[in-house]
Amino acid sequence: MKFFFNKGNARTTRRVVVIGIDGTPQTFLKKHIAAGDLPHLKRITDGGQLHQMNSVQPCISSVAWSTFMTGVNPGKHRIFGFVDRKPNPFGIFLPNAIHMGAKTLWDIFSEAGKRVAVINVPVTSPPKEVNGILIGGFLSVDVLKCAYPREFGAELKQWDYRIDADANLGRNDKEAFFEDLFVTLDRRLEAARRIFEREPWDFFQLHVMETDRINHFLWEHYEKEDPKYHARFLEFYGKVDELLGEFYDRTKDDTEFIVLSDHGFCTVKKEVYLNQWLEDRGYLKLTGDQPRSVADMDSSSRAYSLIPGRVFLNLEGREQNGAVPKGAEAEALTNELAEALLTMTDPDDGSRIIEQVVRRDDLYTGLYSQEAADLIAIPYDGYDLKANVRQPSITFKGDLVGMHTFWDAALYVKDRQIQIDDFGIIDLAPSIMKMMDMEPLPEMDGRSLI
Ligand SMILES: [Zn+2]
């Protein structure tokens, strides 16, 4: 089947190319540029700067990319984590594009008559209408239905496009996982090439998710220079480097070129099960012999947690079976929990686990901020805050050996000087709007970096 694109709108003169390399730390890229392992990124960044950039809290891909694409904080875009909860009736769900509460860059550009091509960015599934083409990110379930326009799915299918690498292989068969990562990246690259060439885009964004996937399962092997996987790990990043070089070369001089990641990575020292910790202290009571999540909590529960480090009161008048009265009692419990969380230590070496506990209202503003967790616990790097229930202990070393870090995302912008010292992924949307000769929206929280 041949698909015919609408080419009705005139191109603007300013165009922007964004390549996202999910979860690739700035320090890692710097190190391997210097070591000669990433020759394309070396020549790209020569004469420019590969900046270190802050992520968001919590530093989760869905939250970070939602912040990137809207330029607003989670209290305005409404994506607070990889999972979220509806308080009443109580239920757990995976937030996706349907829940997005703010305008994305591609909404804004589409409305302005500019054409977009957006490939695989998290929280873009199910695909919304755009002026151009959009391929949904990792929550897409079916290649045939993952794109706008819908008909484009059939073509992607013909190209053997893959939505995501298979995380089960990361757990069970690392050799097969590597193969899968290489193939998935290759298919994505092939689709991106075709779209780049034939679509009349003003804004093009290609998102590489495989970097996050490899880091989750192999970051420790990389860091410890495991002889079995270290070279292959760097070989994979060599492929990503080639991809960056290719799109850099394809991008014309009058077009902006941006490479960024949404957070850094570090080795997991321990997973920490906050719901188990809450249960041990009597704040959470689960029902049944085999509760699967906090959806199975008893109505006497006073608090519960969702990944990573989000703690909610079981509040009367908000949660379906709320047990904690609003007002002084809720306030006292919030303070009690915050203080107790800060005292958590690793049973093996006594290290502190939580660096900071932040109240919702100190972190978020906007229409949806009251939907966020009451407290957000921010761990020291290495302690991965989980929400699994009924764990045999509060801390454990599991299959996921890499975790996200807040301070070590990366940003490169071709031929642009960034003057601000301390900036974050929230500043990208207003910056990109400026590059497209548009004024950032007044509701945006980020500041233009250019
Ligand atoms: Zn990410």
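Which strand order does the open sheet of three strands have? The order is 16-11-17, with mixed pairing; two strands pair if DSSP finds at least two bridges between them. Strands here (E, at least two residues) and helices (H or I, at least four) are DSSP runs, numbered from the N terminus.

Before going on, a word on what you're looking at. This is a predicted model, where local features need pLDDT of at least 70 and side-chain atom pairs count only at pLDDT 80 or more, while totals for chains, interfaces and linings use all residues. Residues are numbered from 1 along each chain as its sequence is written.

Strand 11 (residues 270-273) runs parallel to strand 16, and the two pair over four bridges.

Now zoom out to the domains, whose bounds come from an automatic or database domain assignment. Domain 1 is made of 15-267 + 404-435, and domain 2 covers 270-396. Their C-alpha centres sit 30 Å apart. The contact between them takes 25 residues from domain 1 and 24 residues from domain 2, where contact means that the C-beta atoms of two residues, placed from the backbone, lie within 7 Å. On the domain 1 side, the elements that give two or more residues are helix 4 (74-77), strand 3 (84-87), strand 4 (90-93) and strand 10 (264-267). By class, this side has 12 nonpolar, nine polar and four charged residues. For the classes, Ala, Val, Leu, Ile, Met, Phe, Trp, Tyr, Cys and Pro count as nonpolar, Asp, Glu, Lys and Arg as charged, and the others, Gly among them, as polar.

Two of those elements, strand 3 and strand 4, form a hairpin with two residues between them. They pair in the antiparallel sense over four bridges, and Pro87 has Phe90 in strand 4 as its bridge partner. In the loop between helix 4 and strand 3 you'll find Arg78. Its phi is near 80 degrees, a positive value in a residue other than glycine. Arg78 is buried, with 21 other C-beta atoms within 10 Å; the cut-off for buried is 20 or more such atoms, with 12 or fewer for exposed and partly exposed in between, all C-beta atoms being placed from the backbone.

Next comes an open sheet of eight strands, in the order 2-19-9-1-8-5-6-7 and again with mixed pairing. Strand 2 (51-53) and strand 7 (147-148) are its edges. Inside the order, strand 5 (residues 116-119) and strand 8 (residues 203-208) pair in the parallel sense over four bridges, with Ile119 opposite Leu206 in strand 8. A cis peptide bond joins Tyr148 and Pro149, with omega about -5 degrees. Pro149 is in the loop between strand 7 and helix 6 (152-158).

Finally, look at a helix pair. Helix 8 (residues 174-198) and helix 9 (residues 210-223) pack at about 170 degrees with axes 10 Å apart. Axes are lines fitted to C-alpha atoms, for helices over the stretch in contact, and angles run from 0 to 180 degrees between N-to-C directions. Helix 8 and helix 9 are therefore roughly antiparallel, the word for angles over 145 degrees. Phe177, Leu181, Thr184 and Leu185 in helix 8 meet Glu210, Arg213, Ile214 and Phe217 in helix 9.

How values were computed. Parallel < 35°, antiparallel > 145°, perpendicular 65-115°, else oblique.
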